[in-house]
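This report describes one protein model for a reader who is new to structural work. Please keep the sequence and the structure in view while reading.

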Amino acid sequence: MTQRLETILQEQGLTALLDKFVEQGVTDSILGDLTDADLRELGIKKLGERRRLLSGFNAALAGPAAPSMMAAVEGGQLPRTSDLAGTQVDSFEIGRQAVIGEEWQLVRSWAVTHGFGFEVGSAASRRHPISKIGWYDAVKWCNAKSVMEGLDPVYGVRGKTGYFMSGEFPYGSNEVTLNSQANGYRLPTEEEWEWAARGGRKSQGYRFAGSSNLNAVGWFLDISGGSAHPVGEKAANELGLYDMSGNLWEWCWNPDPSYSGRRLRGGSCADSEDYCTVTYRYNVADPDYRNVFYGFRVARNAHIAVA
């Protein structure tokens with residue numbers, strides 16, 4: 001059976017490689033045994049493609065909340081119950097969970113040997129979401145992950161060619177610019193984040209991401225013990241996304257033209273229910289502020305068909 005293999009190839013935009021796997025008798029049962037050398041023997045010459053595939057294989061074998069899995073989100077319009085009512089959201093992809101300690105460290109270890117500058121970040125275990133992450137850190141990490149996987153980095157500085165690798169600028173985060181045509185990883189916009197948290201076109205109109213009972217879908221002050229929990233322990237929302245209500249606040253891209261701060265969404269393990277709704281908009285925070293309750297998840301421009 002190659003159903004899982006086909007899904008991974010589709011998620012990575014590499015469906016053209018399916019015939020190579022089928023010709024060599026590769027099935028779902030041996031995906032976990034494949035190595036970089038095996039992929040080279042299959043004729044997959046690009047290092048970035050091999051790394052993306054190995055990451056996808058490992059993620060699929062780890063379960064539905066694996067770190068590198070992305071969900072395709074069909075676009076639509078935010079409803080009248082939103083502060084951003086009427087905003088049109090294009091189709092995009094978003095991480096099924098927040099970036100976890102294991103994934104953060106994997107990318108960071110590669111990045112610091114390739115010219116990127118990072119703070120360490122913090123996670124209680126490899127499956128806990130990474131925290132103590134400022135907006136600058138999240139943006140740099142997205143670029144590093146893109147370059148590591150052979151994708152086009154999204155972020156630059158003052159519109160110049162090249163990518164944002166280090167630095168926190170005296171004139172604020174508005175000096176960091178976005179290439180909307182790049183295929184790499186990025187932060188979701190605030191509108192994308194809310195649309196995804198609501199369940200997109202599959203939304204059931206819940207107060208929180210996946211339920212109107214926060215106990216079912218999120219870690220918040222009343223039940224968390226005041227600390228973040230490993231990702232994916234609560235139920236997912238309508239799109240299969242975990243922990244979009246509670247656990248950690250998540251950075252969004254959106255610039256404020258009058259201020260260098262950036263928006264956070266979703267609430268945290270240290271907040272009451274009211275802060276964890278799909279509608280609550282946290283006041284913009286300084287992009288260099290690192291907090292034990294701040295994390296992030298990645299997004300990408302749509303590049304696969306939505307089922």
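Are tryptophan 110 and phenylalanine 116 buried or exposed? Tryptophan 110 is buried, and phenylalanine 116 is buried as well. Here, buried means under 20% relative accessible area, exposed means over 50%, and partly exposed lies in between, with a 1.4 Å probe and protein chains only.

**Basis of the report**

The model is predicted: local features need pLDDT of at least 70, side-chain atom pairs count only at pLDDT 80 or more, and totals for chains, interfaces and linings use all residues. Residues are numbered from 1 along each chain as its sequence is written, and side-chain values use heavy atoms, with hydrogens and water left out.

**Aromatic residues**

Rings of Phe, Tyr and Trp (its six-membered ring) form a pair if their centres lie within 6.5 Å; planes under 30 degrees apart count as stacked, over 60 as edge-to-face, and the rest as tilted. By this rule there are 16 aromatic pairs. Two of the pairs are set out below.

| Pair | Distance between ring centres | Angle between planes | Class |
|---|---|---|---|
| Tryptophan 110 and phenylalanine 116 | 6.3 Å | 45° | tilted |
| Tyrosine 282 and tyrosine 294 | 6.4 Å | 75° | edge-to-face |

The pair of tyrosine 282 and tyrosine 294 links distant parts of the chain, 12 residues apart. Tyrosine 282 belongs to the loop between β8 (259–265) and β9 (294–295), whereas tyrosine 294 lies in strand β9. Helices (H or I, at least four residues) and strands (E, at least two) are DSSP runs, numbered from the N terminus. Tyrosine 282 counts as partly exposed because its relative accessibility is 24%. Tyrosine 294 has a relative accessibility of 4% and therefore counts as buried. Both tyrosines belong to one aromatic cluster, formed by Trp249, Trp251, Tyr275, Tyr280, Tyr282, Tyr289 and Tyr294.

Some rings also carry a charge over the face. A charge sits over a ring if NZ of Lys or CZ of Arg is within 6 Å of the ring centre and within 35 degrees of the ring normal. Lysine 145 lies over the face of tyrosine 185, at 4.8 Å from the ring centre. Lysine 234 is placed over the face of tryptophan 219, at 4.3 Å from the ring centre.

**Nonpolar cores**

A nonpolar core is a set of buried Ala, Val, Leu, Ile, Met, Phe, Trp, Tyr and Cys residues joined through side-chain atoms within 4.5 Å. The largest such core has 35 residues, and those with the most contacts inside it are Tyr155, Val176, Leu187 and Phe296. At least two residues of this core come from each of α5 (101–112), α6 (135–148) and β7 (249–256). Helix α6 gives the most, with 8 residues. A second, separate core has 17 residues, among them Leu78, Ala196, Leu241 and Val278.

**An open sheet of three strands**

Strands of a sheet pair through backbone hydrogen bonds, either parallel or antiparallel. Two strands are taken to pair if DSSP finds at least two bridges between them. In this model, 3 strands form an open sheet in the order β1-β4-β10, with antiparallel pairing. Strands β1 (70–73) and β10 (299–301) stand at the edges and have a single partner strand each, so one side of each is left without a neighbour in the sheet. The twist averages 25° from one strand to the next.

Strands β1 and β4 are joined by 4 bridges, while β4 (residues 92–95) and β10 pair over 3 bridges. Glutamate 93 in β4 stands opposite alanine 72, and its bridge partner in β10 is arginine 300. Phenylalanine 92 has asparagine 301 in β10 as its bridge partner.

Which residues of β4 point one way, and which the other way? Phe92 and Ile94 point one way, Glu93 and Gly95 the other way, and all are buried. In a regular strand the side chains alternate between the two faces of the sheet.

In helix α1 (residues 3–11), the residues Leu5, Ile8, Leu9 and Glu11 are buried. They lie on the same side of α1 because they cover an arc of only 160° around the axis, the arc being that of the directions from the helix axis to the C-beta atoms. Just after α1, glycine 13 takes a positive phi of about 70°.

Leucine 34 is found in the loop between α2 (18–23) and α3 (36–41). With 14% relative accessibility, leucine 34 counts as buried. Arginine 50, in helix α4 (residues 47–62), also counts as buried, at 7% relative accessibility.

Key: Axes are lines fitted to C-alpha atoms, for helices over the stretch in contact, and angles run from 0 to 180 degrees between N-to-C directions.
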